[in-house]
Amino acid sequence: FPFPYTPYRIQEQFMEALYGALEGGRVGIFESPTGTGKSLSLICGALSWLRDVEEKKRQEEARLLQALSPEEPGPQGSAAGEPDWVAAFVQKKEERDKVDRLKEEQIRRKKREDRLEKIRHNVQLKYAAKRKRSEDDETKRLLQLSKEALSQGAGADVLDQLDHNEEELILAEYESDEEKKVVSGLEEDDDDLEEEHVTKIYYCSRTHSQLSQFVREVQKSPFGKDTRLVSLGSRQNLCVNEEVRRLGALQLINDRCMEMQKNKHEKKSDEENEGKKRRASRTVCPFYSYEQMQFLRDEVLVEVKDIEQLISLGRETKACPYYGSRYAIPAAQLVVLPYQMLLHEPTRNAAGIKLKDQVVIIDEAHNLIDTITCIHSAEVSGSQLCCAHSQLSQYMERYRKRLKAKNLMYIKQILYLLERFVAMLGGNVNQNPAYQTVSQTGTVLRSINDFLFQSQIDNINLFKVQRYCEKSLISRKLFGFVERYGNPAIAVKNNKENQKLAGLQNFLQSLQQGSDKEGTPQSPPVEAENEQLRAASPLMQIEGFLLALTNANQDGRVILNRQGTVGQSSLKFLLLNPAVHFAKVVEECRAVIIAGGTMQPVADFREQLLSCAGVDPARVLEFSCGHVIPPENILPIILCNGPSNQQLEFTYQKRDLSQMMDETGRILCNLCNVIPGGVVCFFPSYEYEKQVYAHWEKTGLLTRLAAKKKIFQEPKKANQVEQVLVEYAKCIKRCSQAGGQMTGALLLSVVGGKMSEGINFSDDLGRCVIMVGMPYPNIKSPELQEKMAWLDKTMPRAAGQAPSRVLIENLCMKAVNQSIGRAIRHQKDFASILLLDHRYTRPAIFNKLPQWIRERTQVKPAFGSAFAELRK
């Protein structure tokens with residue numbers, strides 16, 4: 001694959017290692033700092049291997065069909081001692097079944113290929129489908145007009161003493177505690193949807209934008225024409241129903257979508273019960289059409305499409321892209337999805353992803369451990385707990401007579417859990433959490449079992465409660481209730497008999513935070529109020545916390561963070577063992593490739609993920625290749641002393657010294673005099689960057705810097721990052737064209753911030769990257785201390801170092817490697833990298849730099865020799 005991104009030498013080594021991992025069913029850790037070339041090489045190599053597998057499978061099928069022909073006689077005896085005719089009958093039956101299965105699979109495959117080929121070459125089919133959709137729309141419109149005309153003369157029915165619009169807020173009867181079979185949501189049976197999953201590749205990356213960029217590269221590759229590719233995403237990204245999209249929050253969109261599906265299935269049964277009172281009409285999704293989703297599924301498989309094209313197709317065909325893409329998974333050869341979707345088992349199952357004997361490629365995997373930990377951790381605040389208790393209490397009181405016994409039982413259990421959680425924070429659910437002071441502040445860690453016992457909820461089956469929340473859609477019903485009665489004035493007016501809840505209503509009013517001080521419920525809703533209403537139904541956040549508490553006792557901890565008031569306090573579940581969730585992926589898959597541009601240090605992946613997941617060390621394959629650039633295009637320097645011979649050691653104790661900040665400023669002034677274009681300087685934290693900037697402003701050093709480079713600072717808000725980058729690039733381009741004293745721009749960034757990952761400072765945007773100090777994590781953090789203690793307890797010592805110490809160094813160096821990797825982005829790029837701290841020379845630290853940087857790094861004790869190298 002002689003792609004323009006990488007030299008053939010590296011490509012050949014890469015492909016050889018990739019084929020070995022896929023063919024041998026291994027777990028590969030691949031490091032290749034070649035940007036887009038790495039991603040495209042991964043997938044093209046995997047697709048090439050997949051074609052070989054499919055061809056071998058077809059040859060094997062043909063051989064078996066020929067060998068198992070009915071003319072051949074069966075065996076004449078049996079080792080088990082059965083009569084010959086019994087053994088012959090059993091074997092013939094097995095052979096017949098096998099032949100039938102193979103023939104059936106061939107028929108399905110041929111049918112699918114013929115259908116896709118027909119759609120690919122027959123444009124008339126598209127016009128026919130479009131015409132039929134227009135006719136269906138017109139028919140529905142006429143039917144709706146007829147219904148409206150009839151309803152005007154018939155009058156409206158009133159259901160009991162409730163407003164008919166409230167019917168959708170009532171929980172359906174919860175019949176069983178056992179898991180029910182998942183309803184497919186389809187009105188007709190179709191053989192294609194029962195099709196077994198073909199061998200496929202699941203390609204995962206971090207964000208939807210990275211996936212879209214990757215899909216566009218696949219479209220341009222030799223595999224772009226005839227690869228069956230499916231792009232998956234969340235409902236938040238793929239939903240085309242504007243009414244649902246307006247909800248904003250992912251959980252609300254999910255709940256609303258599920259409820260609309262449920263309404264669709266209940267609609268038929270309601271219409272059949274003609275003798276009963278007519279139920280209020282319930283909203284169903286117009287895009288959830290079986291016939292249209294079939295058409296969309298075939299369109300997805302015919303041609304490679306990214307998420308934006310998939311959404312456009314969904315709007316055009318009036319079919320749901322979320323479900324249409326899911327129905328295309330079994331027949332797809334390449335499935336592209338964010339790795340959060342693949343790593344979270346409930347999400348994986350809901351999407352219909354089956355990993356058995358499939359290939360998984362996880363790209364941009366440098367923060368894979370943090371991602372797994374974050375996905376399976378959960379935090380709830382005291383104000384959320386009190387607010388949920390208040391809302392759920394009011395909901396239960398209003399609809400008590402309409403709720404079935406099991407619904408009431410589970411709601412009371414949830415209320416009890418909320419009471420106990422608030423009690424653990426030192427508060428009372430019946431009082432405003434913002435005014436309840438906590439007597440004993442601080443952070444306390446508990447094991448899961450200890451927390452359950454101390455909060456007196458060990459007698460409640462959390463598995464059943466969590467399953468009830470998920471199946472009954474109670475968070476969605478509660479959200480609808482709060483949307484309707486979120487304004488306390490309306491709620492009190494409609495519930496005058498519930499005087500005992502007046503205090504809780506006042507609490508709800510306090511959450512408004514003055515957004516409606518005039519008390520005018522008639523005023524039109526504004527966006528701030530909508531946001532407040534969304535935040536006023538926190539039960540879905542609490543559901544995540546309940547799910548987290550079902551982890552094994554040894555795999556996590558509960559952190560009780562007690563601050564000044566109960567509202568500011570919180571309960572947090574911290575996952576300590578990410579391998580317990582990654583193990584299922586590794587066990588089921590044929591092969592797993594963990595890839596990234598800078599994967600060093602890889603010890604974390606081997607020990608915390610693979611060893612703890614029970615992966616045999618012999619199954620793990622490591623591959624790391626050099627960069628595509630020649631050695632002279634990069635100059636990494638470790639600088640130990642500054643211009644005034646001040647030793648550079650940015651420890652927490654020394655970095656605040658004025659002489660250390662002055663020395664850093666002198667270094668930057670000298671560099672900006674000789675380096676053209678853009679200079680990117682990374683600081684350990686936002687606070688330190690702000691402190692240094694203020695010091696330079698006070699001493700006048702900032703003015704000297706601004707004479708050569710226009711200074712930009714990384715913003716904290718994500719929506720401002722793009723604007724700063726655009727201005728930064730414009731300034732550099734303007735200076736390079738105009739000439740003069742101003743030679744470019746200086747960008748002050750933060751390690752772990754918005755610009756340390758996924759941003760390309762290629763060419764003049766990043767001719768020099770400077771790393772100020774070493775960004776060690778906050779060792780005082782309770783979460784980090786607990787993680788360190790857990791590692792020391794469960795992991796063996798490596799090279800005489802405690803696992804906790806190795807963790808701290810690895811976290812630091814992963815952040816450094818990601819940041820300094822922003823500069824060199826293609827084969828002809830060049831840049832210098834400056835590491836300002838003598839501690840980088842320590843062997844344990846130095847060896848954790850990427851190999852392609854480590855091999856070319858120069859250690860400079862004095863600034864003079866380093867400056868001379870940079871001038872060259």
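At roughly what angle do the axes of helix α18 and helix α23 cross? In this predicted model, the axes of α18 (residues 462–472) and α23 (residues 539–548) cross at roughly 150° and come within 9 Å. The protein chain that holds them has 872 residues, of which 51% count as buried. Its secondary structure amounts to 34 helices and 18 strands. Among contacts between residues at least 6 apart in sequence, 82% join residues at least 24 apart.

**Packing of α18 and α23**

- The crossing of these two helices, α18 and α23, is left-handed.
- On the α18 side the contact is made by L462, V465, Q466 and C469, and on the α23 side by E543, L546 and L547.
- By class, the residues of this contact of α18 with α23 comprise five nonpolar, one polar and one charged.
- F463 also belongs to helix α18, and F463 is exposed, with a relative accessible area of 52%.
- Between F463 and L547 there are 84 residues in sequence, while their C-alpha atoms are 7.5 Å apart in space.

**Packing of α15 and α16**

- Helix α15 (residues 382–399) packs against helix α16 (residues 405–424) at an angle of about 155°, and the axes are 9 Å apart.
- Because angles over 145 degrees count as roughly antiparallel, α15 is described as roughly antiparallel to α16.
- The crossing of α15 and α16 is left-handed.
- From α15, the contact draws on L385, C386, A388, H389, L392, S393, Y395 and M396.
- From α16, the contact draws on L408, I411, K412, I414, L415, L418, E419, F421 and V422.
- The residues of the contact of α15 with α16 fall into 13 nonpolar, two polar and two charged.

**Packing of α9 and α10**

- Helix α9 (residues 290–302) and helix α10 have axes that come within 10 Å and cross at roughly 145°.
- The crossing in which α9 passes α10 is right-handed.
- Residues Q292, F295, L296, E299 and V300 of α9 meet L310, L313, G314 and T317 of α10.
- The contact of α9 with α10 contains five nonpolar, three polar and one charged residues.

**Helices with a buried face**

- In helix α24 (residues 579–588), the buried residues include A579, F582, A583, V585 and V586.
- Viewed down the axis of α24, its buried residues fall within an arc of 170°, so they line one face of the helix.
- Helix α25 (residues 603–611) has D604, F605, Q608, L609 and L610 as its buried residues.
- An α-helix has 3.6 residues a turn, so residues three or four places apart point the same way.

**A buried loop residue, A332**

- A332 is located in the loop between α11 (321–327) and β4 (334–338).
- With a relative accessible area of 0%, A332 is buried, because the cut-off for burial is under 20%.
- Setting aside neighbours within four places in sequence, A332 is in contact with V198, K200, R228, V230 and L301.
- A332 and V300 are 32 residues apart along the chain, and their C-alpha atoms are separated by 9.3 Å.
- V300 is also one of the α9 residues that meet α10.

**Loop residues with positive phi**

- K318 has a phi near 55°, a positive value in a residue other than glycine.
- The position of K318 is in the loop between α10 (307–317) and α11.
- K318 counts as partly exposed, at 40% relative accessibility.
- E364 has a phi near 50°, likewise a positive value in a residue other than glycine.
- E364 is in the loop between β5 (359–362) and α14 (368–375).
- With a relative accessible area of 22%, E364 is partly exposed.

Note on methods. Residues are numbered from 1 along each chain as its sequence is written. This is a predicted model: local features need pLDDT of at least 70, side-chain atom pairs count only at pLDDT 80 or more; totals for chains, interfaces and linings use all residues. Side-chain values use heavy atoms; hydrogens and water are left out. Axes are lines fitted to C-alpha atoms, for helices over the stretch in contact, and angles run from 0 to 180 degrees between N-to-C directions. Helices (H or I, at least four residues) and strands (E, at least two) are DSSP runs, numbered from the N terminus. Angles under 35 degrees count as roughly parallel, over 145 as roughly antiparallel, 65 to 115 as roughly perpendicular and the rest as oblique. A crossing is left-handed if the near helix is turned anticlockwise from the far one by less than a right angle, and right-handed if clockwise. Contact means heavy atoms within 4.5 Å. Ala, Val, Leu, Ile, Met, Phe, Trp, Tyr, Cys and Pro count as nonpolar, Asp, Glu, Lys and Arg as charged, and the others, Gly among them, as polar. Buried means under 20% relative accessible area, exposed over 50%, partly exposed in between (1.4 Å probe, protein chains only). The arc is that of the directions from the helix axis to the C-beta atoms.
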